[in-house]
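Good morning, colleagues. Please look at the sequence and the model first.

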Amino acid sequence: MKLKDFSVRIAGLAGDGSLLAGEVLAYALKRRGLYTVSVRDFPSNIRGLPTSLTIRANVERIFSWNDYIDALIALEPKAVYSHLKDIRIEGVIIIDEEFKSENLGRDDVYLYPLPLRKKAREMFKKEIFKNIIALGFLGYVFNIEPEEIKNSIMFYLKGRSGEIIENNMKALEEGYSLAKNLLKKRYEIEKSIDPGRYYLSGNEAVALGAIAAGCRFFAAYPITPSTEVFEFLAKYMPKFGGITIQCEDEIASINMAIGASFAGLRAMTSTSGPGMDLKTEAISLASMAEVPLVIYHAQRGGPSTGLPTKTGQEDINHILFAGHGDVSRAVLVPSTPEESFEFTFRAFNIAEKYQIPVIVLSEQAVSQNQQTIDDIPYDGNLKWERGKILSEEEVFEYVKAGKVYERYELTEDGISPRAIPGTKGVIVRYNSNEKTPDGFIDEENEYRVQMVQKRLKKLERIIEDVPEPEFYGNKNAPNILIGIGSSLGPMRESLIRLKNEGIEMSYLRIRTLMPLHEDYIYSLTYNKNVFICELNSFSQLKNYLSRIWGRKQNVYSIKKYSGFPFKPSEIISEVKKILKKEN
Amino acid sequence: MEKLLNFEITSVKAYEGKKSTWCPGCGDFGVLAALKQALFELGISPYDAAVISGIGCSSKFPDYINTNAFHTIHGRLLPVATGVKLANQKLNVIVTGGDGDGYGIGGNHFMHAARRNINLTYIVMNNEIYALTKGQVAPTSPYGFVKGTTPYGSKDNPIEPCLISLSAGATFVARGFSGDTKNLKEYLKEGIKHKGFSHIDVLSPCVTFNEEYSYDYFRENIELLNGPFARREEAIAKIMETWRKGKIPVGIFYVEEKKHYELDIFGKEDYSIVEEFKTQKMLSKEELLKLIENKK
């Protein structure tokens, strides 16, 4: 049987090696030219709690996981129960033979109890190799050449000892040979011959985007699910003359980035959930003092410590409104590694052009899950655009003309030229208080009003520089889905499947939450049934968008808050339920 | 262009900022005068200095001095200043704040800046009171202090900031008195010249809300220690001994020559990422893709 689209899940307890085996498999699939998406489910714990990696592969670009899985490797016997319902008919389960399978309750699947632990102990005196033995078995089931997985092991274990690599290779071969003797059912996956693609997580893409954008200062406090950005930058920033610094807390990190930006650098900080709470005051500062700043925020389930390692879109309200007073900001929301890269790059240009904080709002399912992508969107369209930053020559013109440089000069567009502190001839005075154009504290009505208007003016044109919503499907369809972030893939797949059931649907994916493309959204959604997909319980996205339509429009929220991204079937059944109720 | 921009600073007037709004007689005037004089005598032009402050009376400092400046938010002056310094070490970064600002809300940053030994000069105008909010206790106020929010007397014990910075790893620790600008100016000069984290606590009377700690009180109770002491432990012991006698220790307590944070990271003095970046071009696509290939 030939598979065009297939999903595999490797599940166990933290420490069982399920993530490694999954990564190895995904990379092997990517090398043979398949597009993959992986969904990580892991606990906020080092060892002993359920962990799994689901990999879906397809000959075409995909953006989300599927409703079912074709095969399960259960490295920890009990894991089989948690995932049983997801296995499709005629699917494959690989488990340890020590597990007694009588009570499984499913006779429509192929069950392979294997001596995983026994073999690993016999061969290597270590149980840990059971993951690669199981992977070898799976490789045979899906007709993947051992060489392909071996190359992938080499990639993942680069720098490890020869013995470890060799043992992994032996374990893999053992898996293949077990399969040859036991196999009842074998599948073939469709092959593609174009291997020139990249396997990347959203976090890695954000880090790449920052380096490409000329960010040379990064300060943060490690927090899941954003830490990989830090780790990637820590490795590469010094090579470009820059610095990363792990701070005592989130407050210090954002304020350091503000200091570096004041000094003339492109600076960034990254965080998640509770970390963003702590950064809020400094976002007000960046807005008020007109300091360009990029803040990367990967959402997790909340509130408080919440679900540290799982996804959510619960911070929409916070990101849009964090800070006291009228705080300027732009908020970009990527869905893919490509967009994580591009939006991060563009965030630096927007931050410097308008001298405001720009937030790149991601979520665990986008930031940590890896996808195979065609290419990094890095071409002539992305340039360092530093806005009104004064060169030494321009500063010299000020001095020659006998003009006093004013950091907050009142200009036509509300944007004042920025001089770099340390440039001879000008004093650069930033202030978090209300101020006169030259930056001195001033609370008098005259300047207060002018300064507020100046900051307002800057916001008028940002819409020209931020990513537009993405529309997909038939413009005349009476129903439309709206979503952000990880909802992209499930929404796209829902459209196709709903059409087969006679329900015409389109989707609109919002890529900038602030400023909002209100007219565009209005024109595409007016008088339609609008279904807003969101991963929170308060309908935060729906409440925010509802001002576009007023009260009369049929707007419904499709909510999920389990910590996982949508599955297409969940959207489909909700849409059908709502439509049925309305008719 | 060179010639026109090559200003020679001929008088301390070059550092004159806006007219201050401090209360007449405020201790902070002495600190302001001492700092201007120190910068002038050290030949640091206003263009090469950046004064970073938090919030409070003392944090209005940047308005009253003519240098690059950033008036930031409560307690966060040290992180902002750290970002400035790491971006461009050619700037002389002076951090000016108060005791509530730096020892209360910013207490954590204080400890970590000291342990990092970043090359900053941190001047704390310590009036042992929250003044801008019109008179409440500070972390340095004594036990039993009766003020607006502690009508029955404060139940908190005061901290000794110099012992904190000493034990956290600061490499220059001193205490001055704003009524003695002559000595204070010298401490500031030494602190600015010092490569590493310099903490200078300055007794700076609040003439409006803290009559208990007046100029006269300090004049009668300070004791000049014969520092700097050779070892950190010795400095700590001498400070504690002085307090036990009921006296307030002042002077330069401790100086240590040690590789400062930026030097440790970049391997050279006066490195400026801002300048380095000027010479950089955008990465080529190939360079970018190489980063992905090597990610593991």
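The model is predicted, so local features need pLDDT of at least 70 and side-chain atom pairs count only at pLDDT 80 or more, while totals for chains, interfaces and linings use all residues. Residues are numbered from 1 along each chain as its sequence is written, chains are lettered from A and ligands numbered from 1 in the order in which they are written, and side-chain values use heavy atoms, with hydrogens and water left out.

Let me begin with the charged pairs. Side chains of opposite charge can pair when their charged atoms come close. I call a pair a salt bridge when a side-chain nitrogen of Lys or Arg is within 4 Å of a carboxyl oxygen of Asp or Glu. Over all chains, the search of the whole structure returns 62 salt bridges.

For accessibility, buried means under 20% relative accessible area, exposed over 50%, and partly exposed in between, with a 1.4 Å probe and protein chains only. On that scale A:Glu392 is partly exposed at 41%, and B:Lys278 is exposed at 55%.

A second salt bridge lies within chain A: A:Arg455 and A:Glu434 have their closest N and O atoms 2.9 Å apart. A:Arg455 sits in helix H15 (residues 445-459) and A:Glu434 in the loop between strand S17 (429-431) and H15, so the pair ties together parts that are 21 residues apart in sequence. Both partners are buried, A:Arg455 at 8% and A:Glu434 at 9%.

In chain B, B:Lys195 and B:Glu269 form a salt bridge at 3.7 Å, N to O. B:Lys195 is in the loop between helix H7 (181-193) and strand S6 (198-203), and B:Glu269 in the loop between helix H10 (261-266) and H11, so parts 74 residues apart in sequence are tied together. B:Lys195 is partly exposed at 35%, as is B:Glu269 at 36%.

I turn now to the helix pair. In chain B, the axes of helix H6 (residues 161-168) and helix H9 (residues 232-244) come within 10 Å and cross at roughly 165 degrees. Axes are lines fitted to C-alpha atoms over the stretch in contact, and angles run from 0 to 180 degrees between N-to-C directions. H6(B) is therefore roughly antiparallel to H9(B), a term for angles over 145 degrees. With contact meaning heavy atoms within 4.5 Å, H6(B) contributes B:Cys162, B:Leu163, B:Ser165 and B:Leu166, and H9(B) contributes B:Arg232, B:Ala235, B:Ile236, B:Ile239 and B:Met240.

Lastly, some single residues. B:His194 lies in the loop between H7 and S6 of chain B. Is B:His194 buried or exposed? At a relative accessible area of 5%, B:His194 is buried. Leaving aside residues up to four places away in sequence, B:His194 touches B:Asn119, B:Thr171, B:Phe172, B:Val255, B:Glu256 and B:Glu257. Just after H5(B), B:Asn117 takes a positive phi of about 55 degrees.

Technical notes. Helices (H or I, at least four residues) and strands (E, at least two) are DSSP runs, numbered from the N terminus. Angles under 35 degrees count as roughly parallel, over 145 as roughly antiparallel, 65 to 115 as roughly perpendicular and the rest as oblique.
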